[in-house]
Each structure stands twice: as C-alpha cells, then as structure tokens.
Amino acid sequence: MNDTHLSHDPLTPLPNPPPPGGREPDTAGATRIRVATAWLDGCSGCHMSFLDMDERLVDLAQQLDIVYSPLVDAKVLPDQVDVGILEGAISSEDDLRHAQEFRKHCKLLISLGDCAVNGNVPAMRNPFKLEAVLDHAFRETATTQPQIPTVGVPPLFRQVRPVHACVAVDVFVPGCPPPADAIFYVLTELIEGRTPDPSKVTRFGA
Amino acid sequence: MPPANPQANVRVVTLTIDGQDLSARADETIIEVCRENQIPIPSLCYLDGLSIWGACRLCLVELEGQNRLFAACSTRVAEGMRITTQTERLRRYRRTIVELLFAERSHICSVCVSNNHCELQTLAQKCGVDHVRIPYRQARYQMDSSHELFRLDHNRCILCTRCVRVCDEIEGAHTWDVMGRGSDCQVITDLAQPWGESETCTGCGKCVQVCPTGALVKQGTSAGEMVKDKHFLPILARRRHAP
C-alpha cells in the first residue's frame, strides 16, 4: 500500500464549496429532475432512509428521475445529472473516483449522512495505522484462512475523509442516517428551486 | 465573578439588547440579562451557579462604540449599553468555534453515549454547522474507566472546565484540575492519577451531571454495557427458607 494513492493531502483544506443553487430554469416544467445516488464507504443506511420516505416516493417519482443509483439498474453515470447524492466517506481509490465523477457530471452535489459529511464511523480507523487496521480485521480476528485481500478490491487510503475534503459539495445533510423527513425536505426544496437549510431538520448523529 | 447576594441598594441600569429596551441590576452580566429575557446566546463553559471561566468564546457579543468583541458571560452591564447578539460576524465566529471544537478531538455523535443529550451537538445544529470546513486532527486520546461509577473519555472533552469548577466550588473536593497546554491540555483527577485511585473524589457525580458532552458519563450507559448480576437470588432465597 503506498501513498501515491492520495491525490489530495488530507490536511490541506479545499476552498469553500460554491453556494448551493436550485435547479436551472431550463429543467423546469415537464422535464423531470435527474438524480443520481452512490454508496461510498457507508452502511447503505442513508439509502434505506431514502426508501423510508414510503408513499411520498410515489409523488417524488413524478418530479424526478433516478438515473443512476444502487436502487436502480443503470450501470453508467449519465453525462448530465441535476442532483448527485453521495452516501459514505472517501476511504478508497474507488470512492474518490466515484466522488470525482459525480462532481464532474452533477450540477448540484449533496453529502448525505454523517459518513459523507464528517467521516463518522469509517473515519474511526484514522488514528490507527492502516496496516494495523487491516491486520486486525483480516489476520488477528480471522478464524479461517487469515489473509489480507488484494485482488478485486480498491486500495484503501491511510485516512478516511469526508466527501467535501476531496470534491466541492453544495448541500450537507448530516444524520446517521438523516431522517426520511429530512431527505424529503431537502429534495422538495430543491424541486421548488429553493436552497434547503438542513440544520432545520437534522444534525450530526440524528 | 460569582453572583453576589441580591442587595437592595444595587443600582438599576437601562440598556438595549438587539434593539430591545431593558433594565437590569448593575451587578448582572450580559448573559444573565439575556437569559432572563429569553434572548438566545450560545455558550458552553458558562453555567449558572459556577464561577465565570470565559474560555469558549461562544457568547461573544458586539457593543456599540467598541471595536473588540465582549464575552457576554464575563462582561457586566452598564448604563446606556447597546448590545447586539446576532450579527453576521458573530454568527461566523460562533460557527467557526464550534467547527474547531469538532475538528480538535473525536466527536462522533452517532456512536456517542451522549447522542441527543449533548450541548455541543445541539449547538452545532443551532449555529448551522452542517459540516466542518477545517480538517479533523484525527488525534487519539485516552479513556479512564478506572472509577467504579463514572467514566472519562478525553476524546469528547472540550475543556470547558465545568467539572473542575463544580468539584471545587460546590462539592469542595477539588479532585479535578487541568494539565498541559495546547492539544496536550487535559482534565486530570488528583495529580494525574487514574480516577478510580483518587483519594479526594467523593463519588458525588456532580462533574458528570454538568459535563456538556459525552466526556464524563456514568458507567454502564453505553450500548452492550448493561451487565446484570442475579447472584443475589439463590443466596437470599436459600437464607430466607433456611430452617
């Protein structure tokens, strides 16, 4: 594991993200908002909370298209996406590439949940050496075939970072997971072209 | 500045806070007047009943005619004072202070025993801290679980010193104090001995009750810690039915 994977020094702050903005006028009217979601280093709980919007999803489906997500079949992120939603922290090469792709193709990027917003549980390994963490997980506590997986898995970074430490983020929705009501509030505000204030409805650890 | 006994001959002053005309006793501090009049001012180290520390700087306010900011907890009111508690500058400073507290040690609300009962967490929400713009220090601090009843987690400590003051001023034990500087600064029991070995601690738990975060907690309150001991039952039952 070498540190050339770190494309960005975790101790260097990125400039403040641009202020969030509503969808652009040309997507109003009959055109539905194109939404993409991805699951980085998290537990998928935020996506479950998204599904917890229950019957409100039916109404939302009239106003937005989920074009890419673990919840749908599409395998490729489209070139033009209105709103990107990222769950989970940046822990590996794969997470970073995903986040960068989202930033490139999404007009507005949302950090959904504490892992994306502040690192949360995945970042609890940060005070330890990566080798020690891998050793503990795959050797010391393994009951059969202790070995550290290297094939088909993305290399881990030494430090787990929140999404905004790697790419600019427009809207932050903390919570572990953010309540379904909070996600609904943020999406409906965006649909209406307003700037949501998630602190009204959720917080760290909520 | 401990609250003096109310005296009949204390002067009454008039002042304005956020444009509101108010009167107050001349020996009151700005934060006391704000609290009496339901004017919200964030604070962490200030606690009614304890001496003034003035460390957290969250209660900073602006005074008309003065360039520097004043801590509302350690500034007495005066005749004609014009105070502003909510400006863009103050909001920006308060937000940054809360972010610095989150970045300094490990405050992971979702796995903290004080989740939903934490003043730092509530303040973050009130100050609009939905993310921390500065990098986290990722430092690792120790825990002290040596006390039979309580536990200390330095990772959650914000050094407000409420524990130090309540132990000294109210309980009269002065078990707690502060040691070290900068990022090495920590609260200690006795001469930096394990809490469980402290000869001065009375086990009263006042420090735990005033701690604003999850730094001082009761033992047995985190998930999976509830250990039940049914050994008493067969022993008592046997004795009770003994001939």
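A:Gln145 is placed in the loop between α5 (130-140) and β6 (156-161) of chain A. In this predicted model, phi of A:Gln145 is near 45°, a positive value in a residue other than glycine. A:Gln145 has 6 C-beta neighbours inside 10 Å and therefore counts as exposed. Most residues other than glycine have a negative phi, and most peptide bonds are trans.

**Backbone features**

B:Asp18 belongs to the loop between β1 (12-17) and β2 (20-25) of chain B. Because B:Asp18 has 15 C-beta neighbours inside 10 Å, this residue counts as partly exposed. A positive phi, near 75°, is also found at B:Gly128, which follows α3(B).

Chain A contains a cis peptide bond between A:Cys176 and A:Pro177, with omega at about -10°. A:Pro177 is located in the loop between β7 (171-173) and α6 (180-191) of chain A.

| Site | Angle | Value |
|---|---|---|
| A:Gln145 | phi | near 45° |
| B:Gly128 | phi | near 75° |
| A:Cys176 and A:Pro177 | omega | about -10° |

**Strand pairing and the sheet of chain A**

The loop that holds B:Asp18 is the turn of a hairpin: β1(B) and β2(B) have two residues between them. These strands, β1(B) and β2(B), run antiparallel and are joined by six bridges. Within this pairing, B:Thr16 has B:Asp21 of β2(B) as its bridge partner.

Chain A has an open sheet of five strands with parallel pairing, in the order β2-β1-β3-β5-β7. At its edges stand β2 (64-68) and β7 of chain A, each of which pairs on one side only. With direction ignored, neighbouring strands of this sheet are turned by 25° against each other on average. Four bridges connect strand β1 (residues 33-39) of chain A with β2(A) in the parallel sense, and A:Ile33 is opposite A:Leu64 in β2(A). Helix α3 (residues 93-105) of chain A lies across β1, β3 (81-87) and β5 (106-112) of that chain, and runs at about 140° to β5(A).

**Organisation of chain B**

Six helices and 10 strands make up the secondary structure of chain B. Along the principal axes, the C-alpha atoms of chain B fill a box of roughly 80 × 50 × 35 Å. Of its 243 residues, 34% count as buried. Among contacts in chain B with a separation of 6 or more, 62% are between residues 24 or more positions apart.

Chain B is divided into domain 1 (12-86) and domain 2 (93-218). The centres of the two domains, taken over C-alpha atoms, are separated by 25 Å. Their contact takes 12 residues from domain 1 of chain B and 17 residues from domain 2 of chain B. On the side of domain 1 of chain B that touches domain 2, the residues are 10 nonpolar, one polar and one charged.

In soluble globular proteins, nonpolar side chains tend to be buried together. The largest nonpolar core has 57 residues, of which B:Cys59, B:Ala72, B:Cys163 and B:Leu216 touch the most other members. Elements that each supply at least two residues of this core include α2 (88-104), α3 (119-126), α4 (162-171) and β10 (216-218) of chain B. Domain 1 (12-86) and domain 2 (93-218) of chain B both contribute residues, so the core lies between them. Apart from this core lies another, of 44 residues, including A:Cys46, A:Phe102, A:Phe157 and A:Ala182.

Leaving aside neighbours within four places in sequence, B:Leu216 contacts B:Phe150, B:Leu152, B:Cys163, B:Cys207, B:Val208 and B:Cys211. In α3(B), the residues B:Leu120, B:Gln121, B:Leu123, B:Ala124 and B:Gln125 are buried. The elements covering the buried residues of α3(B) include α2 of chain B.

**Contact between the chains**

At the interface, 26 residues of chain A are in contact with 20 residues of chain B. Helix α4 (residues 114-118) of chain A gives the most to the side of chain A that touches chain B, namely three residues. That side of chain A divides into 14 nonpolar, 10 polar and two charged residues.

Terms used
Residues numbered from 1 in each chain as written. Chains lettered and ligands numbered in written order. Predicted model: local features only at pLDDT ≥ 70, side-chain atom pairs only at ≥ 80, totals over all residues. Domains from an automatic or database assignment. Contact = placed C-beta atoms within 7 Å. Nonpolar A, V, L, I, M, F, W, Y, C, P; charged D, E, K, R; others polar. Buried ≥ 20, exposed ≤ 12 C-beta atoms within 10 Å, placed from the backbone. Core = buried A, V, L, I, M, F, W, Y, C linked by C-beta atoms within 7 Å. Pairing = 2+ DSSP bridges. Axes fitted to C-alpha atoms, helices over the stretch in contact; angles between N-to-C directions.
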